[in-house]
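Let's take a friendly tour of a protein model. Have a look at the fold before reading on.

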Amino acid sequence: MLTWLQELNLADNKITRINKISCRKSELHNLNLAGNYLCFIKDIKHLSQFQKLNSLVFADPLYGDCPLVALCNYRIHVIHYLPHIKKLDHYKIHEKERLWIKHFFKKQVTYYNVLFHKQVNIALNLLKDRYKEYQKEMHHIKNQLYTIKMKKNNQSYLNYKAYDELENIILQIKLSKKQLKEMKEITIVQSKILQQQLLINMNNSGNIKFTEYNTTSENTVIQFCKKFLLTSLCSTIKDGIGITDLRLYKVTKVCNKEIDQLNVCKAKGLQSDECSMILKILTSPGVTDIQKWPFNIFHTDLLLEEELIVTNCLAAADFDWLNTMLSIKDKQAKYIHVSQNFFAASSVLKKAKNAQELCATCCLLHTFSFVKPLKYLIKLNLGSNFISVLDDFTQENFPALKYLDLTNNLITSLESMGSFHTLQEFYCGNNKIENLRQINNVKTWQTLRVIDLYNNPICTDALHKKFIIFHLSNIEYISGEYVRKSDISEARYAFGNKFDEHVLNIMYETDRLTNITQLSLVNCSLSKVDISAEILPQLESLDLSKNQITYMWGLHSFKYLHTLCLSFNCLETFNGSDYAKNKCTFPKLYTLFLDHNCIKSVINITKQKLPVIKHLFLNNNSLQNISGNIL
């Protein structure tokens with residue numbers, strides 16, 4: 001490679017691919033590739049080795065455009081993967097454009113994560129439903145066995161009849177177990193295929209799309225695929241084996257815009273379907289190659305160079321090898337993935353000091369044992385285990401954590417996790433969370449953009465979604481659904497207006513409410529207060545400042561209330577317009593803050609109503625005169 005070159009013009013040639021280049025010491029500043037047959041957008045990443053590259057051209061009025069210019073998200077893809085260039089196709093790249101593109105890709109990654117978890121949750125839910133059916137079938141079989149046992153005690157009941165019935169029951173058990181196992185294997189395969197599809201779609205900026213067709217509904221695509229497969233089978237093999245027909249499980253149509261552009265560029269008369277349709281046929285769950293094929297066609301490079309893969313081939317006998325490997329790679333390993341192996345996971349997790357991404361799915365883990373804290377960990381996936389206690393999942397132990405996946409565990413509450421100020425995506429679908437009290441601490445996770453609670457018992461309560469939206473201003477997706485403006489309005493109406501017994505019951509357990517002596521609800525957008533001492537019998541201090549309160553009632557019933565702060569609200573009178581008509585007193589109210597309101601009269605503020613008041617703040621109101629017995 002001519003590393004001393006500062007400008008290189010390769011325009012108007014027949015270059016079709018950009019290969020991996022090792023040229024970190026290159027002095028190249030300007031590169032023109034316009035007018036070539038380049039159409040694979042992923043190849044652009046290989047130009048990142050030119051660290052001093054300032055200007056890159058794929059579209060030039062003198063030489064014409066490369067086919068990749070017409071692909072989806074072409075410009076933002078180039079700028080994202082080549083952040084050091086200052087001009088693209090002779091147009092200057094502004095800082096505002098870079099920031100927008102950074103935000104765009106961040107949103108895309110979040111969207112793909114949400115989409116993947118949504119589909120996985122649906123599949124897990126179906127699997128759980130099938131398992132429940134299996135349990136019912138086993139219960140029915142137990143009843144049948146008991147009936148046969150009782151019949152055998154009857155001398156008139158023939159032994160061969162009992163034998164036949166037992167044989168049928170055994171066949172039923174085997175069939176049910178086989179069906180459940182097949183469904184589980186298919187679910188795993190489908191999730192892996194979906195993950196591959198989403199990765200390919202994301203890495204190619206949406207230029208490769210997958211459309212799945214279920215074979216239960218016949219259409220032209222299904223018919224075309226079936227005909228293609230039948231005609232491709234050798235007649236000798238068909239006759240020899242006795243194949244009369246084929247059954248398709250699923251068909252996926254792959255639309256590849258890159259190939260289409262290449263065909264247009266080379267003026268080939270190929271149909272889009274002929275060059276971009278790939279068939280995936282799941283003949284049986286035992287076929288493992290289906291997880292990779294046809295994805296190797298797209299040259300996806302799914303594994304990072306620094307990624308450490310520990311697969312389920314490891315057994316207890318491999319411990320020495322595993323420990324030796326980890327002692328060597330302990331400092332270098334940044335991405336550690338363990339799957340379906342308890343022994344490997346237990347050993348790896350204890351040594352993952354410097355990991356940035358850690359995945360241990362389907363490893364039968366009941367606890368997460370690790371060296372505290374994991375300072376560098378950004379992404380943690382512990383899906384499909386048996387974790388129920390989250391005492392160690394705190395911000396202190398994970399100071400940099402942004403992504404946490406606890407899908408399909410036995411979690412009943414998030415309260416022990418406390419506050420998080422780094423977490424952006426949290427997936428906890430298919431667990432056992434039942435009510436809002438168990439996710440009350442989530443309202444402090446102000447950086448959270450995605451939360452997934454799909455198929456938890458709490459999902460039957462529509463208020464959980466409103467609760468999350470109201471308290472988390474940055475939330476974008478809840479259980480796979482995008483948060484709309486109408487959802488925000490409904491949440492504000494449900495939680496932002498009225499402060500009453502219902503809201504308190506959602507926020508706290510009943511036992512805790514009876515012991516609360518101090519309560520602060522500052523800046524919560526409250527407009528009405530209607531509460532009594534029955535629910536907060538020991539309350540001594542209440543701060544409702546910085547809300548929009550216009551109406552309040554019931555506070556006089558608090559026998560032990562000595563401090564009440566209502567600063568920065570919209571009150572025109574104190575304790576409701578009907579206060580003067582009722583014999584309501586505050587027997588122990590010692591300090592009252594009513595500053596920064598809209599109070600015009602102090603007629604309701606008297607010695608009879610406030611017998612022990614010592615400190616009263618009425619500054620910054622609309623008072624014109626003082627009347628009554630306030631002084």
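## Ground rules

This is a predicted model, with local features needing pLDDT of at least 70 and side-chain atom pairs counting only at pLDDT 80 or more, while totals for chains, interfaces and linings use all residues. Residues are numbered from 1 along each chain as its sequence is written, and side-chain values use heavy atoms, with hydrogens and water left out.

## The chain as a whole

The secondary structure of the protein chain comes to 13 helices and 26 strands. Both are DSSP runs numbered from the N terminus: helices are H or I with at least four residues, and strands are E with at least two.

Of the chain's 631 residues, 42% count as buried. Here buried means under 20% relative accessible area, exposed means over 50%, and partly exposed is in between, using a 1.4 Å probe and protein chains only. As for contacts (heavy atoms within 4.5 Å), look at those with a separation of 6 or more: residues 24 or more positions apart account for 56% of them.

In soluble globular proteins, nonpolar side chains tend to be buried together. A nonpolar core is a set of buried Ala, Val, Leu, Ile, Met, Phe, Trp, Tyr and Cys residues joined through side-chain atoms within 4.5 Å. The largest one has 50 residues, and L380, F393, L414, F426 and I439 have the most contacts inside it. At least two residues of this core come from each of β11 (335-339), α9 (342-349), β12 (357-361), α10 (463-471) and α11 (485-495). The largest share, four residues, belongs to α10.

A second, separate core has 36 residues, including L521, L536, L564 and I599.

## Pocket and cavity

Rolling a probe the size of a water molecule over the atoms shows where empty space is left. The search uses a 1 Å grid over the protein atoms alone: a cavity is a set of points where a 1.4 Å probe fits but cannot get out, a pocket is an open set with protein on both sides within 12 Å along at least five of seven lines, and lining residues have an atom within 4 Å of a point. Grid points are joined across faces, edges and corners, and a volume is the space filled by probe spheres set on the points.

The second largest pocket has a volume of about 790 Å³. It is lined by 25 residues, and Q119, Q190, L194, E212 and K250 are the closest to its centre. The elements giving two or more residues to this lining are α2 (95-152), α3 (159-203) and β8 (208-214), and α3 gives the most, with 10 residues. By class, the lining of this pocket divides into 15 nonpolar, six polar and four charged residues. For these classes, Ala, Val, Leu, Ile, Met, Phe, Trp, Tyr, Cys and Pro count as nonpolar, Asp, Glu, Lys and Arg as charged, and the others, Gly among them, as polar.

There is one cavity of 30 Å³ or more, and about 80 Å³ of space lies in the largest cavity. Its lining is made up of N73, F104, F105, Q108, V109, Y112, N201, M202, S205 and G206. Here α2 gives the most, with five residues. This cavity lining has five nonpolar, five polar and no charged residues.

## Cysteines

How many disulfides are there? The count is zero, where a disulfide is a pair of cysteine sulfur atoms within 2.5 Å. Take C598: its sulfur is 5.4 Å from the closest cysteine sulfur, in C570, so that is too far for a bond. C598 is partly exposed, with a relative accessible area of 31%, whereas C39 is buried at 0%.

Q424 is buried at 17% relative accessibility, and N409 is buried at 3%. Leaving out residues up to four places away in sequence, Q424 touches K106, K402, T447, L448, R449 and V450. N409 and I387 are 22 residues apart in sequence and 5.5 Å apart in space, C-alpha to C-alpha.
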